[in-house]
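My entries follow in the order I made them.

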Amino acid sequence: MTVEAPSAPTWPADLSSYCFEVPHSQDSILFERGEGIRLFDTAGRAYLDAMSGVFVTCFGYDCEPIRSAVAQQLDRMAFNPPLHGTNPNALALAEELTRLAPEGIVTAKLVNGGSEAVEAALRLARLYHRETGDAGRYKVLSYYHGYHGSTFGSLSVTGRPDVSRFGPGLPGAVHVWSPDAVTEFLGVPDEEAGRLAADLVERTIEAEGPDSVAAIIVEPVIHLRGMAIAPQGYLDRLREICDRHGVLLVFDEIVTGFGRTGQAFAAQTFGVTPDLMCVGKGVSGGYAPLAAVLVGERVASVLGDGSGAVSFAPSHTYAANPIASAAGLAAVRLFSRDGYPERIAALARRFEPALREAVGTRGTVRALGLLYGVKLADPADGAHGSVGERVARACLRRGVIVRGQDDWLVLAPAFVTGEQDTRIVCDTLAEALDETHGAR
C-alpha cells in the first residue's frame with residue numbers, strides 16, 4: 001500500500017496547535033523533502049544546507065546505505081522491550097563505537113539525543129564517586145557560554161544567562177571561563193590564554209573543595225562561542241588537573257564527534273582521552289534520534305556485575321531502539337569503511353581557503369576539520385543587534401543555510417559536499433557580507 005505524504009497545510013496559517021523548537025518568524029520554513037545536501041520547501045524552493053542540519057546530516061539527505069538499513073530493520077522489528085533485553089543492532093553499534101573511540105574507552109551507553117547523553121554523563125560521574133566511597137563529590141564544572149542541551153541537568157551546566165528563565169538549576173553546577181574568553185578579556189595569545197584558563201580551573205576546584213567536585217564537562221570546540229577551538233596543550237593540562245584532584249574529565253562531543261574534526265572524535269584530534277564522552281548528532285547521519293555516552297574503563301568498572309556485562313539505569317524507553325541502532329550502525333560502518341576521514345580532509349582543503357577568501361577582512365575564520373566559525377567584525381552601518389543573525393538571514397534569502405548569532409557565524413558542510421557546492425556556499429556568504437559589511 002502506498003502511503004501518501006501529509007497534505008501541505010496553508011503556511012503560515014493558524015499554527016496554534018504546533019509548538020516550534022525556536023520562535024516562529026518570517027524566516028521559518030516549511031520543509032518538505034531533502035535531496036543530496038539540499039532541502040526543499042512546500043513551494044519547491046531549494047536551500048543548500050551548509051550546516052548539515054545542525055551538524056547531523058553529514059552524509060546528506062538521501063544516503064542509500066542508511067535508508068536501506070532503516071527500512072530493513074523496520075520490516076523485522078520496530079521496537080523491543082528494554083526491560084527485558086536489547087537487539088543485535090545495538091550490540092553491534094556499541095562495539096563499532098568503542099572501536100572508533102580512543103584507547104581506554106570500553107563501553108557505549110546508547111540514548112536518544114545529546115541532552116540525554118549529557119544527563120547520563122552527569123549521573124555517571126556522581127555514581128562513580130559514590131560507588132568508590134567519595135559520595136561528597138557532586139559538583140560539575142563547565143564553561144560560561146558553553147552549551148550542553150535542553151533538559152534540566154544539561155541546561156544547568158549550560159553557562160548562558162538566558163537559561164535562567166527556567167529558575168535555579170541543578171545544585172552543584174559551577175561555571176569557569178574558557179580559553180577564548182580569557183583571550184577576549186585580557187588580550188593575550190591563545191596558548192597563554194589556555195595556560196591561564198587551566199590555572200583558573202584548578203583554582204576553582206581548590207576553592208570549591210576538591211572533595212566536592214565530581215567532574216568537569218567541556219566542549220573541545222565551543223559552538224556558541226563561534227567555534228572557539230581549544231588552544232594547544234590546554235586539554236592536556238585539564239587532564240593533568242583532573243587526575244591530580246580525582247575529578248572526572250567529560251568531553252561533550254555532540255558537535256565535534258563522528259568525523260567533524262577530521263578524526264573520529266576530537267579526543268583523538270587533540271590527543272587527550274576523557275573519562276566520559278558524550279556523542280551524537282551525526283552518529284546516525286540524521287536518519288533516527290541517536291546519541292551515546294562512551295565510558296572509560298575506570299568508570300565502567302563500577303557498572304559491572306561480575307559476568308563481564310555492564311549496566312546503568314534508569315534509562316529511557318526508546319534508548320537503543322532497533323531502528324535508531326540500525327541507522328547508527330550503518331552510518332558508523334559507512335564512515336569507518338568507506339574512506340570518509342580522507343574525504344573529509346580533501347573537502348577541508350578545498351573549503352577552508354574558499355571560506356577565508358569569502359570572509360576577507362570582515363571577520364576571523366576558525367577552522368578545524370569541517371567545523372568552521374567566523375568571528376565577525378562590526379557591520380558597516382554600525383547597527384546594534386546580532387550581526388551574526390543578520391548575515392545568516394542574508395544567506396537564507398539567497399538559498400543557503402548557515403547559523404548566525406551574536407557576533408559569529410558557524411558552518412558545518414556535509415561530508416559529501418562537492419566542489420561546485422563549496423563555491424556556491426562561499427560566494428553566497430561573500431555576497432551576504434557585502435550587504436552587511438561592505439566590500440572585502
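Predicted model: local features only at pLDDT ≥ 70, side-chain atom pairs only at ≥ 80, totals over all residues.

**Helix pair α7 and α8**

The crossing of α7 past α8 is right-handed.

I then listed the contact residues. From α7 they include Gly 194, Ala 197, Ala 198, Val 201 and Ile 205, with Arg 195, Asp 199, Glu 202 and Glu 206 also in the list. On the α8 side I found Tyr 234, Arg 237, Leu 238, Ile 241, Arg 244 and His 245. Sorted by class, the contact has seven nonpolar, two polar and six charged residues.

**Sheet β13-β14-β17-β16**

I traced an open sheet of four strands in this order, with antiparallel pairing. Which strands stand at the edges? They are β13 (363–368) and β16 (403–405); each has a single partner strand, so one side of each is left without a neighbour in the sheet. From one strand to the next the twist averages 15 degrees.

Inside the sheet I checked β14 (residues 371–376) against β17 (residues 408–411), and they pair in the antiparallel sense over four bridges. Tyr 372 is opposite Leu 411 of β17. I also looked for a helix on this sheet: α12 (residues 340–359) lies across β13, β14 and β17, and runs at about 170 degrees to β13.

**Sheet β1-β2-β3-β15**

I found four strands in this order forming an open sheet, and its pairing is mixed. The edges are β1 (31–35) and β15 (400–401), each with a single partner strand, so one side of each has no neighbour in the sheet. I followed β3 (residues 46–49) to β15: the two run parallel and are joined by two bridges. Leu 48 has Val 400 in β15 as its bridge partner.

**Strands β5 and β6**

I recorded that β5 (residues 139–143) and β6 run parallel, with four bridges joining them. Leu 141 stands opposite Val 174 of β6.

Key
Residues numbered from 1 in each chain as written. Heavy atoms only, no water. Pairing = 2+ DSSP bridges. Axes fitted to C-alpha atoms, helices over the stretch in contact; angles between N-to-C directions. Contact = heavy atoms within 4.5 Å. Left-handed = near helix turned anticlockwise from the far one by under 90°. Nonpolar A, V, L, I, M, F, W, Y, C, P; charged D, E, K, R; others polar.
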